[in-house]
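Could you walk me through this fold, from the overall make-up down to single residues?

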Amino acid sequence: MSQPSQQPRPRLDARGAVDLSALVRPTTPPPGSPGGLDAPAAYVRDVDQATFADVVQSSTQHPVVVALWAPWSEVSQQVVADLAALAQEDGGRWLLARIDAEANPQVAAAFQAQSVPTVVAVLGGQPVPLFQGAYPREQVRAVVDQLLAAAEANGITGRVNAAPAAEPEPEPALPPLHQAAYDAIERDDLPAARAAYEQALRENPRDAMARAGLAQVGLMERTAGADLRAVREAAAARPDDVDAQLAVADLDVFGGAVEDGFVRLVELVRRTTGEDRERVRVRLVDLFEVLGADDPRVVAARRALAAALY
């Protein structure tokens with residue numbers, strides 16, 4: 001007999017709140033963190049518009065290979081990783097400058113980059129186009145060897161000063177009540193986590209992190225052990241049943257279908273009155289707290305809610 005499908009328990013984030021990362025729009029992970037580029041190494045630098053001129057100037061001493069990449073492009077990240085490995089192999093004969101093309105559009109425009117990855121060398125301050133798009137590592141090796149030969153022919157044979165390894169920054173300590181909530185969630189004690197966040201808010205009603213944590217714990221409590229199929233079937237069969245619609249909206253938001261959950265509840269506000277309407281409004285506001293006021297989906301849903309109410 002098959003078991004009912006249930007929502008998995010989420011992880012915790014570094015702040016001690018519930019890690020509902022699936023609800024958040026993707027951002028560029030910092031170098032060295034999961035999902036991001038490798039941390040800068042001895043002959044690999046992360047360059048932006050402010051530091052780009054210094055890198056160009058250094059090309060009078062040694063070759064510089066500029067790799068324009070983007071967080072959404074796995075191909076560009078692979079090319080950057082291959083270049084970084086080759087830079088380390090060559091022990092300072094050239095410098096790899098990694099540039100996020102989306103974060104530094106003016107630099108990308110200066111290289112006339114139409115796509116990522118775009119790889120350009122700089123020799124003696126002058127750009128030398130190398131390649132665009134996916135390139136097997138052995139072909140990248142051949143391109144770099146040709147670049148080094150050209151640099152030697154032009155007397156550019158200096159070495160890159162190896163950058164010291166960056167020390168990882170320690171995680172900031174959590175306030176005691178937040179740490180207590182974090183520990184409670186780790187041992188699957190949601191009532192204790194709720195109590196810790198509630199106490200934090202009693203002590204400081206402006207504690208936005210505690211307010212968000214409390215909303216997240218509430219969402220976890222409401223979805224814990226939920227039978228996904230049964231909840232969705234009930235909502236489909238009873239579109240005007242407030243409890244059924246609230247339950248499936250929670251599952252939508254918890255599972256990452258944030259817009260679906262918000263639209264469902266805004267439409268329910270339009271169809272309800274009195275106490276039922278107020279229950280739905282309060283649940284929406286609580287779910288807004290889970291994501292944060294600055295999330296674009298929250299901003300859009302707030303506008304829709306206001307229109308539905310007034």
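Predicted model: local features only at pLDDT ≥ 70, side-chain atom pairs only at ≥ 80, totals over all residues.

Residues are numbered from 1 along each chain as its sequence is written, and side-chain values use heavy atoms, leaving out hydrogens and water.

**Overall make-up**

- The protein has 12 helices and 7 strands; helices (H or I, at least four residues) and strands (E, at least two) are DSSP runs numbered from the N terminus.
- Of its 310 residues, 42% count as buried, where buried means under 20% relative accessible area, exposed over 50%, and partly exposed in between (1.4 Å probe, protein chains only).
- Among contacts (heavy atoms within 4.5 Å) with a separation of 6 or more, 68% join residues 24 or more positions apart.

**The sheet**

- Five strands make an open sheet with mixed pairing, in the order β3-β5-β4-β6-β7; two strands pair if DSSP finds at least two bridges between them.
- At the edges sit β3 (44-46) and β7 (126-132), each of which pairs on one side only.
- On average, neighbouring strands are turned by 25 degrees against each other, direction ignored; axes are lines fitted to C-alpha atoms, for helices over the stretch in contact, and angles run from 0 to 180 degrees between N-to-C directions.
- β4 (residues 64-69) runs parallel to β5 (residues 95-100) over 6 bridges, and β4 pairs with β6 in the antiparallel sense over 5 bridges.
- V66 has bridge partner A97 in β5 and stands opposite V120 in β6.
- β6 and β7 pair in the antiparallel sense over 6 bridges, with V128 in β7 as the bridge partner of A121.
- These two strands, β6 and β7, form a hairpin with 2 residues between them, and G124 in the turn has a positive phi of about 55 degrees.

**A covered strand**

- Because 6 of the 6 residues of β6 are buried, this strand is largely enclosed by the rest of the structure.
- In a regular strand, side chains alternate between the two faces of the sheet.
- Both faces of β6 are covered, with T118, V120 and V122 buried on one side and V119, A121 and L123 buried on the other.

**Nonpolar cores**

- The largest nonpolar core has 44 residues, and V66, L83, W94, L96 and F111 have the most contacts inside it; such a core is a set of buried Ala, Val, Leu, Ile, Met, Phe, Trp, Tyr and Cys residues joined through side-chain atoms within 4.5 Å.
- At least two residues of this core come from each of α1 (49-58), β4, α2, β5, α3 (105-110), β6 and α4.
- Not counting residues up to four places away in sequence, V66 touches A97, I99, F111, T118, V119, V120 and V122.
- A second, separate core of 36 residues includes A184, V269, F288 and L305.

**A buried histidine**

- H178 lies in helix α5 (residues 176-186), and counts as buried because its relative accessibility is 3%.
- The side chains of H178 and D207 are joined by a polar contact of 2.9 Å; a polar contact is a pair of N or O atoms within 3.5 Å, and within protein one must be able to donate a hydrogen and the other to accept it, with residues adjacent in sequence counting only if both atoms are side-chain atoms.
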